[in-house]
Every structure is written in structure tokens, then in C-alpha cells.
Amino acid sequence: MHAANDYTLEELRKEARLGQAGTETLARTVPVIDLSDFEARRAEITDQLWRAAVEVGFFQLRNHGIPLAQVRHAFAMSERFFALPQAVKAQYPLRRNAGWESLTQVRPSAGVPDQKESYQITRPRMAGLYPSEDELPGFVDTMLAFEQASWQVGMQVLSCFAERLGLGRDFFTQAHHPASDTYQCTLRLLHYYAIPESVQDRLDYVRGGAHTDFNCLTLLYQREGQGGLQVCPGKDYDAPEWTPVPPDEGLITCNIGDMLMRWSDDRLLSNFHRVRNPLPGEYMGPRFSIAFFCQANTDVVIESPEGKYPPITAGDYVAERMKANYASHGR
Ligand SMILES: O=C(O)CCC(=O)C(=O)O
Ligand SMILES: [Fe+2]
């Protein structure tokens, strides 16, 4: 745990002020953007993405090109992974966004660990961290294909932002180049534990504490019936209003992260979100989600067009943020 004054980045100072409080509003909705016929509709799609990123920081993609069967298969594999015995998963401990952890992520806003386990794939760092084919047949192939498919969608979206920022259409594709050893995009499987009866009314039992993401762009897959994700698009951190982001298995939920906010001189918004606990009477079973974090390669320098922030490598930037998010610094 860190005291607020340990933080060197402004994002963290904000995060430390934002607890679990706040009210839920249904007034705002997260825009849904249709990616079909992408090349022919690029200008129109870019307008919609830009507006959503500037106003809400969150949007959902329809007709993104990843078949529903592939999404469902990835979730089925994820559930099988988390169902492995603890001793098997513990052979693959988390280090630098690669591997498995349970109950170790402490969001500065919450001060207690998220009630979840996760397994992260950051391709260049996976030596010794994949379950064997005997333990989980087909897992690695399924997840690498899903990682690749998610990267494609992420780069399509980022190409629109790059063009609008005057950086050139391929700018972020180069910055997230998958052939490099410095690649650090991450596929993260998430399993929020079923909520035991004894803690269903406890406020200090938190599924996913409020935070902003520290990458460029997050793609999130949610399961129908397993809601709870909320976004706080406003700037009032002391009286936050939360908007639900409803799960729909045909949509990919996207949000801007701090890295792209910095890269855009704060034009694109990285907003707070959290996974709230179910309320009494709601489904209390496990919740599964999968996130893909587009995170620029470690050696890429983040230098914004207007120079609002000093240059920093993406590697240094992420390392600083991770230090503040884990009880032990072993991520
Ligand atoms: O599981 C979710 O719905 C959100 C996950 C998330 O915000 C994160 O891992 O950064
Ligand atoms: Fe997040």
C-alpha cells in the first residue's frame, strides 16, 4: 500500500481520492459504434470514435469482425483455466503483466484487493508461464489467436485516432508492433469470485476498485448476465456519478487509457471505471471478463504533439503505474 503522497503521477493522485462512493445514473449512455465496411466508412467511423473518446472515453463496437463463436470459445477456455487446481495455476505466477495472480491487485482508490483472479498473456514474457497441453489442451492456441484478433481490432480503432491527431494512420500500429521483443500488449483473463453469502452486504468487499487504465486503449469482452462495469465520465471525483456499461456478447467495450490521454495532450479522456458488487437480489455467481490492453512497446517514446508532458518511454510509464497497483511489486 502507498500513501497518496508517494505517487509521482497526477493520474494516481486522482485515483487515490476516488473511493467506492457515488451514485448510479442512467442518464448517459456509452455510444455504440458500428465498424462494418470499415475502409469505406472510415471518415464517418473516425468522427464517431473521436466524439465518443472526447466526451465519454468509453464506447462499444458492433460488427467488429471477431466471430461470436471465437469470443465464446475464448471464454470457455478461460473458465477451464480458472477451474484448474490452485497448485497448477500457482506454477505460473504473475510477473510484469504475464502469468496468474489471485487477490493481489489493490487499486489505490479501494485500499483492499479486488476479489478476483486473473491470468495475463504478454507474448514476449511467457517463457514457463503457459499451462501445458496436458493440463489444458488447446488453451495456448486459442488464446494466441484471440490475442491476435483483438490486436487487429485495437489497431483499426487506433488508426482513426492517429489520423485525427495528425500522427499518420499507421503510427500506433508501429508503436504496438507485434514482431518486436519490446511488445507489451496484454490479454487478461479475469474471474471475479462468486460472492459468499456472509459478505454480500459488506462495503469493503470490492470486485474491481475504481481506476483508470494505464495503457492506450482497452478492449473488453463481457458476458451476458454478468454485469457490474460502471464508468464515471464526469470530472467530479468527490461526488462521482456512475453509468453502467451493460454487457452484450456481440459488442466489444472500449475505453481510452492514460497513455493515450497523455499522447493526445489530454484531448482523449481516460475515465474512471469499476466493477461494482451485485446488489442484494442480483446474480451473485462468478463473473468472467476478458480484457485486451493495447500498450505501446516498451522502447517507444510517448511524445505528444503539443508537448504538454515531458517525453517518457512506454516501458517506464507502465512500470511506474504497476508499482502502485499491487500489494507485492511482483507484477
Ligand atoms: O472486468 C471488467 O469488466 C473490467 C476490467 C478492468 O477494468 C481492468 O482490468 O482494467
Ligand atoms: Fe480497467
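## A bridge within the sheet

The bridge partner of L220 in strand β13 is A291. Strands β8 (residues 217-222) and β13 (residues 287-294) run antiparallel and are joined by six bridges. Helices (H or I, at least four residues) and strands (E, at least two) are DSSP runs, numbered from the N terminus.

This is a predicted model, in which local features need pLDDT of at least 70 and side-chain atom pairs count only at pLDDT 80 or more, while totals for chains, interfaces and linings use all residues. Residues are numbered from 1 along each chain as its sequence is written, and chains are lettered from A and ligands numbered from 1 in the order in which they are written.

## The sheet

Eight strands form an open sheet with mixed pairing, in the order β2-β3-β11-β8-β13-β6-β5-β4; two strands pair if DSSP finds at least two bridges between them. Because β2 (32-34) and β4 (99-102) stand at the edges with a single partner strand each, one side of each is left without a neighbour in the sheet. On average, and with direction ignored, neighbouring strands of this sheet are turned by 25 degrees against each other. Axes are lines fitted to C-alpha atoms, for helices over the stretch in contact, and angles run from 0 to 180 degrees between N-to-C directions.

## Helices on the sheet

Helix α2 (residues 42-55) packs on the sheet and touches β2, β3 (58-62) and β11 (252-256), its direction making about 160 degrees with that of β2. Contact between two residues requires their C-beta atoms, placed from the backbone, to lie within 7 Å. Helix α5 (residues 139-164) also packs on the sheet. The strands touched by α5 include β5 (116-121) and β6 (186-192), and its direction makes about 130 degrees with that of β8.

## Contacts between helices

The axes of α2 and α5 cross at roughly 85 degrees and come within 9 Å. The two helices are therefore roughly perpendicular, a term for angles of 65 to 115 degrees. In this contact, I45, T46, L49, W50 and A53 of α2 meet V157, C160, F161, E163 and R164 of α5.

Helix α3 (residues 68-82) packs with α5 at an angle of about 135 degrees, their axes 10 Å apart. Residues of α3 in this contact are Q70, H73, A74, M77 and F81, and those of α5 are F139, T142, M143, F146 and A149.

## Ligand 1

Ligand 1 is surrounded by R188, L190, G208, D213, L220, Q222, L229, H273, V275, S289 and A291; a residue is near a molecule if its C-beta atom, placed from the backbone, lies within 6 Å of it. At least two residues of this shell come from each of β6, β8, β12 (272-275) and β13.

Methods
Parallel < 35°, antiparallel > 145°, perpendicular 65-115°, else oblique.
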